[in-house]
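Visitor: I am new to this structure. Please show me how to read it.

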Amino acid sequence: MYMHKFRISVAALLVIGTIAMGVSQSFSEEMSVFDVITVNAAITPAIAKYITKSIENSHKDGSEGLIVLLDTPGGLDLAMRDIVKELLNPPLPVIVFVYPSGARAASAGVMITMAASVAAMASSTNIGAAHPVAIGLGGKMDDTMAKKVENDAVAYAKGIAEKKGRNSEWAEAAVRKSVSITATEALKMNVIDIIAEDIDQLLTKIDGMTVSLPSGKVTL
């Protein structure tokens, strides 16, 4: 896990000219900063704390947004919910990017990706299979408890998808039927917003996008 600053040029040049002086001009270029962190691990309380702290630090630093490079097999439900709460109520845009090629957003990773301000995937990645799995006691639950847990996970996934304007029917299928799809399918089915090959291409594609935050709409 790490964080670094990624500076990009914003296509906005301030032109200062004096007509009386002829063609004399000067240009001042604004720079926007995106922090980038990597989460290449199972979702645990430590990971939840890391993401939460990264969002807080990026906001304090005045960054334009935070990019989370995600590759996870899933993890603990409570840790995932802590992360999702942060992503649904962020002080700045948070882009979750399933990256690099070969990475996945499985189980808890599905909820985290769908909860982002912008959900992105690299080619040859996959998202899905979000059916809840018991940990401990042999990994088994009785039928009644298993159904309760499944229904709760379905409602949670659909609620996230609906809030972010994403495919709630697929979100339900990912939980009930353990559906998993490729990046291409995810884009076509409105599960994610963007496919990008790397951070440079991701930044190019999000340039000009408008996202909703608790504080209002923000244009990247």
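Visitor: Which residue in strand 8 is the bridge partner of Asn 126?
Guide: First, the general idea. Strands of a sheet pair through backbone hydrogen bonds, either parallel or antiparallel. Here the bridge partner of Asn 126 is Thr 182, in strand 8. Strand 7 (126–128) and strand 8 (180–182) pair in the antiparallel sense over three bridges. Two strands count as paired if DSSP finds at least two bridges between them. Helices (H or I, at least four residues) and strands (E, at least two) are DSSP runs, numbered from the N terminus.

Visitor: What kind of model is this, and how are residues numbered?
Guide: This is a predicted model, where local features need pLDDT of at least 70 and side-chain atom pairs count only at pLDDT 80 or more, while totals for chains, interfaces and linings use all residues. Residues are numbered from 1 along each chain as its sequence is written, and side-chain values use heavy atoms, with hydrogens and water left out.

Visitor: In what order do the strands of that open sheet run?
Guide: The order is 5-7-8, three strands with mixed pairing. Strand 5 (104–106) and strand 8 are the edges; each has a single partner strand, so one side of each has no neighbour in the sheet. Neighbouring strands are turned by 15° against each other on average, direction ignored. For such angles, axes are lines fitted to C-alpha atoms, for helices over the stretch in contact, and angles run from 0 to 180 degrees between N-to-C directions.

Visitor: How many helices and strands does the chain have?
Guide: Seven helices and 11 strands. Of its 220 residues, 44% count as buried. Buried means under 20% relative accessible area, exposed over 50%, and partly exposed in between (1.4 Å probe, protein chains only).

Visitor: Which way do the residues of strand 3 point?
Guide: In a regular strand the side chains alternate between the two faces of the sheet. In strand 3, Gly 65, Ile 67 and Leu 69 point one way, and Leu 66, Val 68 and Leu 70 the other. Six of the six residues are buried, so strand 3 is largely enclosed by the rest of the structure. Strand 3 runs parallel to strand 4 (residues 94–98), joined by five bridges. Opposite Leu 69 stands Phe 97 of strand 4.

Visitor: Is Thr 113 buried or exposed?
Guide: Thr 113 is buried, at a relative accessible area of 0%. Its place is in helix 3. Contact means heavy atoms within 4.5 Å. Beyond neighbours within four places in sequence, Thr 113 touches residues including Leu 70, Ile 127 and Arg 166.

Visitor: Where does Ser 117 lie?
Guide: In the loop between helix 3 and strand 6 (118–121). Ser 117 counts as buried because its relative accessibility is 8%. Its contacts, leaving aside neighbours within four places in sequence, include Pro 90, Arg 166 and Leu 213.

Visitor: What covers the buried residues of helix 5?
Guide: The cover includes helix 3 (108–114), strand 7, helix 4 (143–163) and strand 8. Among the buried residues of helix 5 (residues 168–176) are Trp 170 and Val 175. Just after helix 5, Ser 178 takes a positive phi of about 55°.

Visitor: Over which ring does the charged end of Arg 81 sit?
Guide: The rule asks for NZ of Lys or CZ of Arg within 6 Å of the ring centre and within 35 degrees of the ring normal. Here the charged end of Arg 81 sits over the ring of Tyr 156, 4.0 Å from its centre.
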